[in-house]
Each structure stands twice: as structure tokens, then as C-alpha cells.
Amino acid sequence: MIFIAIIIGCVIGAIIGVNMPMISYTYSGYLAIAIIAALDSVFGGIASTLNKNFDLKIFVTGFFGNAILSILLTYLGQKLNVDIYLAAIVVFVGRMFNNLAIIRRYYIEKFSKEKQKNKKKEEKKEEKKVEEN
Amino acid sequence: MKKFKFKFRADITAVTVVVFIVCIVLVAVMLMQFRTVEQTDITEIENMRESELREALVEWKTKYEEVDTQLADVNDKIAEYQKTINGNEESSKLVDEELNESNLLVGKADVYGPGVIVTLTNTNDFQYIAEDLLDLVNELRYAGAEAISINGIRILANTDIVDLFDYSVIGINLQRVQSPYIVKAIGDKDYISSVLNLKGSGFIDRYNKLGRSVSLEEENRVQIPKSNSDFNIEYMQEVTEE
């Protein structure tokens, strides 16, 4: 059900994105920051599901709130002549790597556990075979 | 995995809807961004950021100012050269004029102008000698004659007029001249003739009284040839004050 939703959402999003008008290059910087913030939220969500503490409210507010806040901060930085967007990129990308690391570890552990189980099973089978023989 | 987690915690339909919306928004925005980035690679200046444009502008401005100052320098130099050229032209013109004038005075050019022609002819009773010619030349000079010639020989500051062969011939610049002596002079013809005709002291008056053959003509155009002798400076030097 959720995978179907993801696929359909991606297709509709692609159609909308292709048909949307161009954004001027001046504002593309803000949009890039917002995209990175959103991606950070998505990876955070995946990592939290793997950790079994996923909260829908936190995910939704993080997704939209981070994007909007990062845009606002970037705008403020431009007004103050400080490159705040650099700080935003550092934080978001750093967190993205953290979350990716969590996801990676989860799967590695899972994979290695399965292998161990398989090995144990095989060993047991072999033992049984040996015993039978 | 998600499935498995959500069962546990939140309402699955809500999560599905949220994930759906999130996907739409994220993919749409990302695609928009990709398109803008791709397109801006093609068209450059129009989509450059303000700061970049500003930097470029400042760069060009400084370059422009540099070139402008260089241009001004070069223009100044050109103006200076022009001035010196003009100055040189003026001075060379002046020098030319001076040279022409002094050439006329020194007798290096044929000259013409209003003047008088005095003709002295020997008679059986009387032969003219060098002193008579010198007397006449001197009087002409006194009367303001600018150029004088005797029988086609230009009389200058260094011209000698001497008697040769026991008063039988007159030599001017080592050239023999013989009667009639035609003395031409350029100057104020009225003044010259009046000076020469002065009673008692004028040359013509004096010589006519002595019964000698002298005639004077005033002419509007008297032509006097250039000197054929060279002015060589061998000994004299200019005195320079220190």
C-alpha cells in the first residue's frame, strides 16, 4: 500500500515538476536548500522507522517546517550578508549522512544475522545428517 | 520494513496519504530545480546571481577606469607632441623668414623694387675714378638704399671698389668695370633722388656743376642681381658673454 503510494506520488510529482514553469535562477538557491531540508527529513523518517520510533507529526512538521525555515534563514542570511545557507547545508547534509549510516548499519546487521542463522541451520542440518548417517 | 513498523504505531492510511503528498512535493520541486539548473548552464549572464553580476561589473568598471586613465595620459602626450610640433613649425617659419630676409640683405637673391638708376659716363675731359663711385654709393646708402649694384655687380658691405692700372680701370670685387657706369639702387626713389639732387651737397648737383655727365632716372621696377661672390668667415668669431 505504501509502496504503491510512493510510486504514484513520484509519477504525479514528476509530471507536475516537468509541467511547472521555470524558476528564475535567483530563487533556485532557496529551492535547493528547501530540497536538501526535505531530503533530510525523509531520511530521518526512514531511520526512525527502522528504530521503531517513527512519529507522523514530527515527520510532517519536520518536512515542511525545515524546508520553510531553511528558506527563511537563507533569505535572512542574504539580507545580513552572511552565508547562512552554508550552515544549513552543513547541518542537513551531516544529518543525512548520519541517517544513512543508521540505515546502512540496520541492514548490515540484519543481513549478517540472517547469514548466521542460515549457517547455524546448515550446521544443524549437517549435524543431523551426520547423526543420521 | 515500513509496513511492518506502521502497523505498530500510527494509522496506516494517514501515513500513506502523508507519504504520497511528500513524494509529490519532493519530486516536483526537485525536478523543477533540475530543470532550472540545466537551463541556466546554457544561458549565462541573464541568470547569473546578483553578487556575481556585481563582481563582474566592478571588475569591468576598474578596467574601464584604468583604460580611461591610460587614454587620458596618451591624449595628454599627444597634445604635448602637437604643441611642440606647432612650436617647431612656428619657429622654423620664423627662422625661414629671417633667413629669407638676411639672404636678401646679404645679396644671395635677385631682388627688385622701386628705385633709381644713376648713369655716369666718361667724357674726354673727365674720367670717373673709384672715389667718385664710392662717393655715390655712400650717398645712396645715406639716402636709405636697400640694394645697390654697379654694372650688374651687387655692392655689399664687403665689396671693394678700387682703381686699377694707374686709374685707367675701376675694379669692383676684382672685376673690371668700364664707362658707362650704371648704378642701380632700390629704395624710396623720391627720397633718394631728392637727396642726390640737393643743391650744394647732392652728388648729382655737385657733379653737374663740375660739368660731368651724370643722369638720374627714377624707376618703379629696378632689378638687381644677386651677388656672385661668397661671404667667407675665416677669422671673426662671435663674442659670447658669460
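The crossing of helices α2(A) and α3(A) is right-handed, the term used when the near helix is turned clockwise from the far one by less than a right angle, with anticlockwise called left-handed. This is a predicted model, in which local features need pLDDT of at least 70 and side-chain atom pairs count only at pLDDT 80 or more, while totals for chains, interfaces and linings use all residues. Residues are numbered from 1 along each chain as its sequence is written, and chains are lettered from A and ligands numbered from 1 in the order in which they are written. Helices (H or I, at least four residues) and strands (E, at least two) are DSSP runs, numbered from the N terminus.

**A pair of helices in chain A**

- The axes of α2(A) and α3(A) are 8 Å apart, and the two helices pack at about 155°; axes are lines fitted to C-alpha atoms, for helices over the stretch in contact, with angles from 0 to 180 degrees between N-to-C directions.
- The pair is therefore roughly antiparallel, a label for angles over 145 degrees, whereas under 35 is roughly parallel, 65 to 115 roughly perpendicular and the rest oblique.
- Residues of α2(A) that meet α3(A) include Y30(A), I33(A) and D40(A), and their partners in α3(A) include F59(A), F63(A) and Y75(A).
- This contact has 10 nonpolar, eight polar and one charged residues; Ala, Val, Leu, Ile, Met, Phe, Trp, Tyr, Cys and Pro count as nonpolar, Asp, Glu, Lys and Arg as charged, and the others, Gly among them, as polar.

**Where the chains meet**

- In chain A, 32 residues are in contact with 33 residues of chain B, where contact puts the C-beta atoms, placed from the backbone, within 7 Å.
- Helices α1 (2-19), α2 (25-50) and α3 (56-80) of chain A each supply at least two residues to the side that touches chain B.
- The largest share of that side, 12 residues, comes from α1(A).
- By class, the side of chain A that touches chain B has 25 nonpolar, six polar and one charged residues.
- M30(B) sits in helix α2 (residues 12-42) of chain B and touches G17(A) and I35(A), not counting residues up to four places away in sequence.

**Chain B and the cores**

- Chain B has six helices and eight strands, in the order α-α-α-β-α-β-β-β-β-β-β-α-α-β.
- Of its 242 residues, 22% are buried, with 20 or more other C-beta atoms (placed from the backbone) within 10 Å of their own; 12 or fewer is exposed, and in between is partly exposed.
- The largest nonpolar core has 31 residues, and A145(B), A185(B) and I192(B) have the most contacts inside it; such a core is a set of buried Ala, Val, Leu, Ile, Met, Phe, Trp, Tyr and Cys residues joined through C-beta atoms within 7 Å.
- A second, separate core of 27 residues includes I36(A), F59(A), A88(A) and L26(B).

**Residues to look up in chain A**

- K52(A), in the loop between α2 and α3, is not a glycine, yet its phi is positive, near 65°.
- K52(A) is exposed, with 11 other C-beta atoms within 10 Å.
- N81(A), in the loop between α3 and α4, also has a positive phi, of about 65°, although it is not a glycine.
- N81(A) counts as exposed, with 7 C-beta neighbours inside 10 Å.

Methods: Contact = placed C-beta atoms within 7 Å.
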